[in-house]
Amino acid sequence: MKSLFALIGGLLIAATAMSQELAPDVLVKTVTNEVLEIVRKDKDIQSGNTKKAIDLVEVKVLPHFNFARMTQLAVARDWRQASPAQQKILTDEFHTLLVRTYSKALTEYKNQTIAFKPFTLKAGETDVRVRTEIRQSGAGKNVELDYWLEKSGPAWKVYDIEVGGISLVTNYRESFASEVRNSGIDGLIKSLQAKNKSGEATSVKK
Amino acid sequence: MKTTLPARIKTVAVAIAAAGLLTGCATSGNPKDPIEGFNRAMFAFNEGLDSAIVKPVAKGYEAVLPSPIRTGVTNFFANIEDLFIGVNNLLQGKVPEAFSDLGRVVINTTVGLLGVIDFASDAGLEKHDEDFGQTFGRWGVGNGAYVVVPVFGPRTVRDTVGLVLDIAADPVANHNPERTRDLALALRFVNDRANLLPADKVVEEAALDKYSYMRDAYLQRRRNLIHDGNPPREIEADAGSNDHPLTAEAEALEPRTELAPVVPVPSMLVARTQLPVAK
């Protein structure tokens, strides 16, 4: 099952600059192709340079993510008991955690290809799922990689990503909730910070 | 040796299980995981087994064999598995899927040289993922408690029962003579683990608490598989709603209605060449 995560590799995708009016499927496709193009040529990223992968994600992908919404979904019902200041810290820390995870996945990219499934945007829709699929050369098993996007203003923003049916956002709900139950919002903030610190240490080592 | 090693593992497992029970089932109150204390102990045991034996062997295997050969091994076992997947699709009333699986076996066993090459996928016969646990899920059997099974890892009560049947029906496990059977089982196990190596780092990077991350990922994944990729979207707990979306999920599986055609027609197989989006 873990292989699902593995392949988040090619994926993480949903962002390219200034693509304001792009339809959600076009947006996903454009950014995916753009990022994979870069990764394919970049030996550093392929050999595990997380730092470089993070830079790539920051520039290409992040502008199209709605982190506030993601964090809210992950923290779920405890969100309301967090003060605005706490909400901001939570969002920042969760942002860091997700970016690091994505970037790590990108460094695991080998030569999978991404297939884009047919998509039609119905009139008036503001919340959609764009389906893609990771294909591994040779081996039979494909992994579904779906993006949930929401229209905010003129632009579409990604607020959830599912790999093989596992949401990278809501998968945190239970552990976040038990963190909050045991030691409150501040406890959750502390463990996120600790996690991000330890992650930083390992990515510097690389 | 051959008989003592599994026996020893079993002894250790039992000891650990006992320890887990003794330490009390320290639960964090998650209704899906009532025996969390036990499960955590078992998870730690599995992790220990993995890092001491399984992972190093898988790494060696990956280092020694070139990627095309490993792909061949993966495909070979996947082909055997397709037969079993077809049976499960049939039990779930998904007749076109079952025949597609059968088609895969026929193509891959012949043109694909005993399954080593997966021509069927190239030909548009999509690979499915089914097992008895999913079949029970389809039939409306609920998950039951989450349980970490020694060596096999995360399951639910339902999927553990499924696992027992999976093993009973596994052509590889039932192969004679025993010697080749054991070799084949070992090879499949190591190969499967090797395929997961790239995922390790990502999970380490992502998980705040690896135990619960793996647990929740398993539960989400199974839910998705039972619904063949289209589970009802969970109610969004937008900070507001009181019922916890992950626990308030007693959704019944809507029975599939399109069970009608019992005799497969070629057009069904042809239809499979499309991506299964509109399923």
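1. Two strands pair if DSSP finds at least two bridges between them. Helices (H or I, at least four residues) and strands (E, at least two) are DSSP runs, numbered from the N terminus. With these terms, A:Arg131 has A:Asp146 in β3(A) as its bridge partner.

2. This is a predicted model, in which local features need pLDDT of at least 70, side-chain atom pairs count only at pLDDT 80 or more, and totals for chains, interfaces and linings use all residues. Residues are numbered from 1 along each chain as its sequence is written, while chains are lettered from A and ligands numbered from 1 in the order in which they are written.

3. The sheet of chain A is open and has 5 strands, in the order β1-β2-β3-β4-β5, with antiparallel pairing. β1 (113-116) and β5 (166-167) of chain A each have a single partner strand because they stand at the edges, so one side of each has no neighbour in the sheet. Strands of a sheet pair through backbone hydrogen bonds, either parallel or antiparallel.

4. Within this sheet, strand β2 (residues 127-135) of chain A runs antiparallel to strand β3 (residues 143-152) of chain A, and 8 bridges join them. Another partner pair here is A:Arg129 with A:Trp148 in β3(A).

5. On to the next pairing. β3(A) is antiparallel to strand β4 (residues 155-163) of chain A, over 8 bridges. A:Tyr147 is opposite A:Ile161 in β4(A). The hairpin of β3(A) and β4(A) has 2 residues between the strands, and A:Gly153 in this hairpin has a positive phi near 70°.

6. Which residues touch the most other members of the largest nonpolar core? They are A:Val57 and A:Ala74, in a core of 60 residues. Helix α7 (residues 84-107) of chain A gives the most to this core, 8 residues. A second, separate core has 6 residues, among them B:Phe43 and B:Val148. A nonpolar core is a set of buried Ala, Val, Leu, Ile, Met, Phe, Trp, Tyr and Cys residues joined through C-beta atoms within 7 Å; buried means that 20 or more other C-beta atoms, placed from the backbone, lie within 10 Å of the residue's own.

7. Chain B has 10 helices and 2 strands. Of its 279 residues, 34% count as buried.

8. The 25 residues of helix α3 (residues 67-91) of chain B should span 36 Å at 1.5 Å a residue, and the end C-alpha atoms are 35 Å apart, which agrees. The expected span is 1.5 Å times one less than the number of residues. Just after α3(B), B:Gly93 has a positive phi of about 80°.

Terms used:
Buried ≥ 20, exposed ≤ 12 C-beta atoms within 10 Å, placed from the backbone.
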